[in-house]
Amino acid sequence: MEAIFLKYSYDFRNYTGASQKRRVLYALEQLRLPNVSALQEQVLHDPTVFAQLLQFLTIPVSEMFRDPGYFLTLRQQVVPVLQTYPSVKVWVAGCSTGEEAWSLAILLREEGLLERTQIYATDINPASLDKARQGIFPMDAVRSYTANYQRAGGRRAFSDYYTAAYDAARFDPALCANAVFADHSLATDSVFAETQLVSCRNVLIYFNRALQDRALRLFHESLCHRGFLGLGAKESIDFSAFATRFDTLARAERIYRKVS
């Protein structure tokens with residue numbers, strides 16, 4: 001990981017060891033390499049191998065309206081506050097292949113906020129960002145997303161938002177007309193905008209305590225006064241350096257509000 005950082009400036013040094021080990025062993029299997037030394041040699045001498053390894057290290061896995069209760073709480077308790085702003089900025093940190101960004105765009109459209117909202121969807125994986133921009137997802141997955149959408153308080157038929165063809169669903173490009181899909185690392189980069197909502201879900205669980213605190217610092221600095229932070233179902237700020245900097249809005253859904 002130190003060699004990758006020095007060569008490519010991707011910083012995985014503060015990701016949790018157990019998770020890293022699983023990913024590297026899986027990469028060895030998929031790349032048909034005998035050991036970590038062989039992987040390191042290829043990665044450092046061939047950028048295309050590093051690009052392949054990056055897909056294993058970042059786990060580009062997501063789904064639309066994942067944990068529907070989270071989105072329902074956003075709709076019921078967060079959106080009414082966002083509606084009081086003349087314009088809104090939302091940061092989806094660690095957006096992976098874009099399912100959450102597109103989900104939020106649908107929710108914001110239904111609540112009359114999308115046209116005055118700027119969505120920043122960021123990730124460190126270029127391949128994932130390319131997929132996120134396209135807004136094209138497998139039809140089998142979209143069928144399961146429909147139930148999530150309904151449980152999240154969806155107001156329309158989910159099929160209204162996409163066109164189906166060739167076993168895939170292409171979502172209405174207008175949903176993300178105001179979205180920016182961009183490279184950003186929570187390990188090395190700084191804050192780039194003031195936001196009213198930061199949604200970073202199922203990312204911090206892969207970080208050690210030092211990197212978690214760094215990410216939370218970025219979110220705190222990015223959020224406006226009384227801005228909202230959403231985390232994943234297995235994540236919490238309770239034992240972090242920022243535990244006293246946020247109020248808990250919805251504990252089960254891991255939604256917090258900036259205090260100071």
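**Basis.** I worked on a predicted model, in which local features need pLDDT of at least 70 and side-chain atom pairs count only at pLDDT 80 or more, while totals for chains, interfaces and linings use all residues. I counted residues from 1 along each chain as its sequence is written, and side-chain values use heavy atoms, with hydrogens and water left out. Helices (H or I, at least four residues) and strands (E, at least two) are DSSP runs, numbered from the N terminus.

**Largest pocket.** I noted about 670 Å³ of space in the largest pocket. On a 1 Å grid over the protein atoms alone, a pocket is an open set of points with protein on both sides within 12 Å along at least five of seven lines; a cavity is a set where a 1.4 Å probe fits but cannot get out; lining residues have an atom within 4 Å of a point. Points are joined across faces, edges and corners, and a volume is the space filled by probe spheres set on them. The pocket has 38 lining residues, and Thr58, Gly94, Asp123, Asn202 and Val203 lie nearest its centre. I sorted this lining into 18 nonpolar, twelve polar and eight charged residues. Here Ala, Val, Leu, Ile, Met, Phe, Trp, Tyr, Cys and Pro count as nonpolar, Asp, Glu, Lys and Arg as charged, and the others, Gly among them, as polar.

**Seven-stranded sheet.** I traced an open sheet in the order E6-E2-E1-E7-E8-E10-E9, with mixed pairing. Two strands pair if DSSP finds at least two bridges between them. Strand E6 (179–183) and strand E9 (246–250) are the edges, each pairing on one side only. From one strand to the next, the twist averages 20°; axes are lines fitted to C-alpha atoms, for helices over the stretch in contact, and angles run from 0 to 180 degrees between N-to-C directions. Strand E1 (88–93) runs parallel to strand E7 (195–200), with three bridges, and Val92 stands opposite Ser199 in E7. Helix H6 (99–110) packs on this sheet, touching E1, strand E2 (117–123), E6 and E7; contact means heavy atoms within 4.5 Å. Helix H7 (126–134) also packs there, touching E2 and E6, and its direction makes about 170° with that of E6.

**Cavity.** I found one cavity of 30 Å³ or more, and about 50 Å³ of space lies in the largest cavity. Its lining includes Leu74, Val90, Leu104 and Leu197. Helix H5 (68–82) and H6 each give two or more residues, and H5 gives the largest share, four. The lining holds nine nonpolar residues, no polar and no charged ones.

**Three-stranded sheet.** I read a second open sheet as E3-E5-E4, with antiparallel pairing. E4 and strand E5 (168–171) pair over four bridges, and Thr163 has Arg170 in E5 as its bridge partner. Helix H8 (139–151) lies across E3, E4 and E5, at about 90° to E3.

**Ser185.** Is Ser185 buried or exposed? Ser185 counts as buried because its relative accessibility is 12%; buried means under 20% relative accessible area, exposed over 50%, and partly exposed in between (1.4 Å probe, protein chains only). I located Ser185 in the loop between E6 and E7. Not counting residues up to four places away in sequence, Ser185 touches Ile124 and Arg214.
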